[in-house]
Amino acid sequence: MTRYVDEDLHGVEFRECDLSGARLIGVVMQDAVIDRLVANLVVNGVEVSEYVEAELDRRHPVRVLIRSEDPDDLREASRQLHAGWAATIERIRRRPGIERRSVNDEWSAVQTMRHLVFVHDSWFRRCCLGSTELFTPMGIGTTVEPYRGAHGLDLSLDPTLDEIVSVRDAQAAELEAWLDEVTAVQLAERAPVPDDDVWPPYARGRLVRQCLVTVLNETFEHHGFCVRDLDLIEAQDAE
């Protein structure tokens, strides 16, 4: 294990790092931000993960719906997520050009939405429906090779906001139509992931509901990232 002793790590950034088992002893941590999967986090002898999760549920009740096994709750979650994105897209339209701006090396709003195009194609169409069709070319997928530009993705594309929104609206309608018919029994079945080398290869063996939850969680989390960054950009412009 790497040990840092008496080091000045002021302003350090850990991105896409696995810090499982990390121990911070005698440290000064002010104005710090921890973002993503955090579990069993002990601060000054207190396990705080449950407090954090409860507060997130209070702020975002849709998280509770996403975790439900009831198809009605999952339908409502999908509708709320789509409505949230629709409101954010209207916010973006009021500030032309903001959709292509980024902060802190994060994706821009259009890149984020293009990633959700890919999430729908991979985790819903492939994993929930068993589709072998090529992905929507404008999608932005994983950076892992050989999947980065595979299965129909065209990394050279630069679609407009309207083009991306049109695709996302069609995908949302497809998902909601499926949710209107799906049953709890179907959600509990093994996901019909095609037996080929296309993303996501690690989805085999999962249940349909687990794959659906991945779609809903990605839609929720990336909306939060997008709103966070829009807030930062507008704050910078106001200075």
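User: Leaving aside its neighbours within four places in sequence, which residues is His 120 in contact with?

Analyst: This is a predicted model, in which local features need pLDDT of at least 70 and side-chain atom pairs count only at pLDDT 80 or more, while totals for chains, interfaces and linings use all residues. Residues are numbered from 1 along each chain as its sequence is written, and side-chain values use heavy atoms, with hydrogens and water left out. His 120 is found in helix α4, where helices are DSSP runs of H or I of at least four residues and strands are runs of E of at least two, numbered from the N terminus. If contact is taken as heavy atoms within 4.5 Å, and neighbours within four places in sequence are left aside, the partners of His 120 are Arg 125, Arg 168, Gln 171, Glu 174 and Leu 175.

User: With the side chain of which residue does the side chain of His 120 make a polar contact?

Analyst: His 120 has a relative accessibility of 2% and so counts as buried, a term that means under 20% relative accessible area, with exposed being over 50% and partly exposed in between (1.4 Å probe, protein chains only). A polar contact is a pair of N or O atoms within 3.5 Å; within protein, one must be able to donate a hydrogen and the other to accept it, and residues adjacent in sequence count only if both atoms are side-chain atoms. At 2.6 Å, the side-chain partner of His 120 is Glu 174.

User: What distance is given for the polar contact that joins the side chains of Arg 75 and Asp 72?

Analyst: Arg 75 lies in helix α3 and is buried because its relative accessible area is 13%. Apart from its neighbours within four places in sequence, Arg 75 is in contact with Leu 179, Asp 180 and Val 182. The polar contact between the side chains of Arg 75 and Asp 72 is 2.3 Å.

User: How are the ring planes of Phe 124 and Trp 178 arranged?

Analyst: Five aromatic pairs are present in the structure, where rings of Phe, Tyr and Trp (its six-membered ring) pair if their centres lie within 6.5 Å, and planes under 30 degrees apart count as stacked, over 60 as edge-to-face and the rest as tilted. Phe 124 in helix α4 and Trp 178 in helix α5 are 54 residues apart, and their pair links distant parts of the chain. Phe 124 is buried at a relative accessible area of 0%, and Trp 178 is buried at 19%. Their ring centres are 5.2 Å apart and their planes stand at 75°, so the arrangement is edge-to-face.

User: What is omega for the cis peptide bond that joins Glu 145 and Pro 146?

Analyst: Most residues other than glycine have a negative phi, and most peptide bonds are trans. A cis bond runs from Trp 199 to Pro 200, with omega near 0°, and Pro 200 is found in the loop between α6 (184-187) and α7 (208-238). Pro 146 is found in the loop between α4 (109-126) and α5 (161-179). For the cis bond between Glu 145 and Pro 146, omega is about 5°.

User: What is the phi of Asp 105, which is not a glycine?

Analyst: Asn 44, in the loop between β1 (42-43) and β2 (46-47), has a positive phi near 50° and counts as exposed because its relative accessibility is 78%. Asp 105 is found in the loop between α3 (71-93) and α4, and is exposed with a relative accessible area of 70%. Its phi is also positive, at about 65°.
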